[in-house]
Amino acid sequence: MIWRKNLSDFYIKNLPAAMKRNTRIILLVPLVILFVIPDNKDPGDEFVPLEGAWRFAIDTSATGESEKWFGRVLPETIRLPGSMLTNGKGFVPDLETKWTGSIYDSSWFRHPRMAKYRRPGNMKFPFWLTPDHYYVGQAWYQKDIFIPAAWKRKRIILYLERPHWETTVWLDTTRIGMQNSLSTPHEYELPDKLSPGRHTITVRVDNRIRDINVGPDSHSLTDHTQGNWNGLAGKIGLKTGSKIFIDDVKVFPDVQVKTVKVLVSLKNETGKPVKGCLSLSAVSFNSDNKHTVEPLQQMVTMDRHEKLVEIILPMGTDMQLWDEFNPALYMLKTEWNSGRGFSDVRYVQFGMREFKTRDTRFQINGRNVFLRGTVECAAFPRTGYPPCDKESWAGIFKICRLYGLNHMRFHSWCPPEAAFTAADEAGIYLQVEGPFWTNHGTAVGAGKPVDKYIYDESERIVDAYGNHPSFCMMAYGNEPAGRNQVQFLGEFVSYWKTKDNRRIYTHASVGKRWPHVPGNEFIVRAGARGLPWDERPQSLFDYSGVIDRYSSPYVAHEMGQHCAFPDFREIEKYNGPYHARNFELFREDLTDHQMGGQAEDFLMASGKLQVLCYKSEIEASLRTPGNGGFQLLSLNDFPGQGTALVGVLDVFWDEKDYVHADEFRRFCDAIVPLARIPRFVYMNFEIFRAAVEVAHFGDQKLEHVTPRWKVTRSDGSVISEGSLAAGDINPGSLVPVGEVVVSLSGLIRAEKINLEIMVGDRANDWDIWVYPAILPVPDTSDIYIARQADDATGEILQKGGMVFLHGAGKVEYGRKVVQYFRPVFWNTSWFKMRPPHTTGILCDPDHPAFTDFPTDYHSDLQWWEILHKQQVMIMDSFPAGFKPIVQPIDTWFLNRRLGLIFEARVGKGKIIVCSADLLSGISNRPAARQLYYSLINYMNSEKFMPEHEVDYAVIRDIFTDKSWPDWNSYAKDSPDDLIPEKK
């Protein structure tokens, strides 16, 4: 039923002036509620909120029904809307808590190092946010209501906007029914001819996974995200209406012929035939140019209980279209009047748009669209459940737009009405999913109850939210399991393609190992993502080789997942029922490893590498011809599945300071200049070339535009600049615009330069490093170049000599720490310590060791040949306060003190130790050669004065074959990405 058309303040302020004038205020006693009701509605059509204090009881043994709790006065009190968690109900989590979500790393439960975090009163669980209380089972909610005599001839509906999960309702001692939608409101019609006076509503909520298993890691209910909460969120109340009423209104825009097909479902509960008038009118309400649609009327005879009426409403020549650039909306008023005291009215928000596919592109109103999306995973720590107010969602979508996004996928859950309303206004294209991730302990197409529930829930979702123009895409859910999944979900897609053409459909959002389902109108798959940084970084690559085999638009599934170090400043933001005990654990553990003071530096350095990875991946997606788009996982952090710090924003959608929206939007927006650069490190005898393209998915042609470029030094001085050929750039594709060619011969010293491309008011840029082709031979006459930490090396140090220990390939203590250039994927815990294990490096660019090697404080692309798959050293036994010159940042689950290059005083001598290979193949490794040159020059300078003294035995232990501690997950289960693909 479309009860959302009861007029909210928002709807009223946007209705025609004449309608706004005809309102009156009704005060209902004893509930003391104000109602705003149009004059043309029956005064009995009201919504009575039931928020506030309710009686409450926990039913741990599930015996409440047999013991007839609905006939008792429940003993406790709870406030609704809310949950048991927001009310402090349930049990304090402990080691015996039976969580809903999967855990693939059980080391926290067993490792002696974690023992102090398992103690009562100090339990710090690392795999997701920790709730103050936890409860899975049945709970009972009860409230007395007052039925006025004026409601005698009315239908009375109990409205529960966002229960979690299954509700069963009693009125006094009469059982009204049960509903179990995870996605849409639960509505219960109370008995006919209900006697005036006081009655008791009792609602039992059951949040257990029982016969219908949607998957314990589905974001609709898992502990990894919003949590498996028990309660009633959103609007709660009683609604009244006519016995002859509008049950449903579906709006089908036809942009081509400028009409709207309106399907109105009427119901008649009087038991008698009736004639009446059905009228339609519509007005635009959020655009500068108001457009009023000519109203229509049609006489209708109802001789049955139900009647479906189809009316074609012409929108006129002034019709306004909805899209991301101009999200023009209409309010449709559907009114029924029988002239015998039976009337009803519904208001439906809709937009005139056509979201389709053509070949491998998405199209909105015939114009190509590139989806720049994020995955919304239902993480709301301040409540534990999704917000049901429009303002909260408007804030989220505003941030998405500031970061250049136009799309959001809801991963295995469906949001409440407010999200659709806000997305409509923001011009965000939504991919909505059912509440299903059926590959952990369940399956589809196997004849289980979940099969029917998939269809039932999708029907409810489309009925409730299908008129919203933002609802452009739909999938069953995430990554299914089951031998018959292809047939079952293929039939699901066919069913919806036939039934409702207002959006496009795919079977599921999936990783690479899932089978393809024919008939999908678009594909969300993991193939078109990732960075080819097992070889030297470049920006020539794209994902053509992945998407070329498909004839439908391809959207990169969960792209990114590049981690940054935790932002411990975030801890104080958790002022609700969830707390970041995981962050507290990581912070304490970092301090235990003598690095607590470096937390913010680790955040900033790892964050810069994370942004570099996102920039590289997003640009590759944009420069892929015919690509459909990407869905980041995600713009903000994911608090579960081992704590996945993959966002450039925290879980609260706040910035972490290492990148701002205007910087991000340079490479992620509707119009982005792009450069295909063969590599980022050059010798100064070379010619730099870059092919320039523009990804243009704006709404207007760029006319007579002249692309410009410039190459600058770090101080901003211009090395070279120029223009490319002027011309028009049409929207909807990737457009080549020319080539930048620059001689590097004028650059004498090693330095970082920057290429910037400007197209109109859009700009994008890339850092490039240039090194001298000819270097003086490093003077090692006073330096002993050691290949191993042996007795000879120790003797030289004891006698006061200088040693450069090139330990590449010889490290033992640190051998199991796998470092790539790119950072941790998702997190090491969820993927059972799958490499890489580090999140970049931290260094001091002002350290004299870098005098001849230009660097920032973080990983940059010139570091690739120095860092990628190079050994690191564990330095846990080094003195407190000791910091290496180059410090790899470890996974926050282990917080090992790592070093790549360090200096120390040993005996009377001085040493630099490097675990990266700086000496082999240097003719093709200019950055490695340059760093070695810089280090040797530093050692020969008066500035080579290491601060810390270290015993040689401590250094030698790094290269000694011992039985070093190892990591064990203590768990056999694995995430799907670690399961071998079936041949």
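**A helix pair, a sheet and some backbone details**

Modeller: In this predicted model, H6 passes H7 in a right-handed crossing. On the H6 side the contact is made by Asp451, Ile454, Tyr455, Ser458, Glu459 and Val462. H7 contributes Phe488, Glu491, Phe492, Tyr495, Trp496 and Lys499. By class, the residues of this contact between H6 and H7 divide into seven nonpolar, one polar and four charged.

Two packed helices are described by the angle between their axes and the distance between the axes. Helix H6 covers residues 449–465 and helix H7 covers residues 485–499. Their packing angle is about 25°, and their axes are 12 Å apart. Angles under 35 degrees count as roughly parallel, and H6 and H7 are therefore roughly parallel to each other.

Strand S37 (residues 687–696) pairs with S42 in the antiparallel sense over ten bridges. Val694 has Val735 in S42 as its bridge partner.

Some backbone details remain, beginning with the cis peptide bonds. One joins Leu633 and Ser634, with omega at about -10°. Ser634 is in the loop between strand S34 (629–633) and helix H11 (661–664). A cis peptide bond also joins Pro835 and Pro836, where omega is about 5°. Pro836 is placed in the loop between strand S46 (802–806) and strand S47 (838–843).

The loop between S46 and S47 also holds Met833. Met833 is not a glycine, yet has a positive phi of about 60°. The cut-off for buried is under 20% relative accessible area, so Met833, at 12% relative accessibility, counts as buried.

Glu558 likewise has a positive phi, of about 50°, although it is not a glycine. Glu558 is found in strand S32 (residues 554–560). With a relative accessibility of 9%, Glu558 counts as buried.

Notes: Residues are numbered from 1 along each chain as its sequence is written. This is a predicted model: local features need pLDDT of at least 70, side-chain atom pairs count only at pLDDT 80 or more; totals for chains, interfaces and linings use all residues. Side-chain values use heavy atoms; hydrogens and water are left out. Axes are lines fitted to C-alpha atoms, for helices over the stretch in contact, and angles run from 0 to 180 degrees between N-to-C directions. Helices (H or I, at least four residues) and strands (E, at least two) are DSSP runs, numbered from the N terminus. Angles under 35 degrees count as roughly parallel, over 145 as roughly antiparallel, 65 to 115 as roughly perpendicular and the rest as oblique. A crossing is left-handed if the near helix is turned anticlockwise from the far one by less than a right angle, and right-handed if clockwise. Contact means heavy atoms within 4.5 Å. Ala, Val, Leu, Ile, Met, Phe, Trp, Tyr, Cys and Pro count as nonpolar, Asp, Glu, Lys and Arg as charged, and the others, Gly among them, as polar. Two strands pair if DSSP finds at least two bridges between them. Buried means under 20% relative accessible area, exposed over 50%, partly exposed in between (1.4 Å probe, protein chains only).
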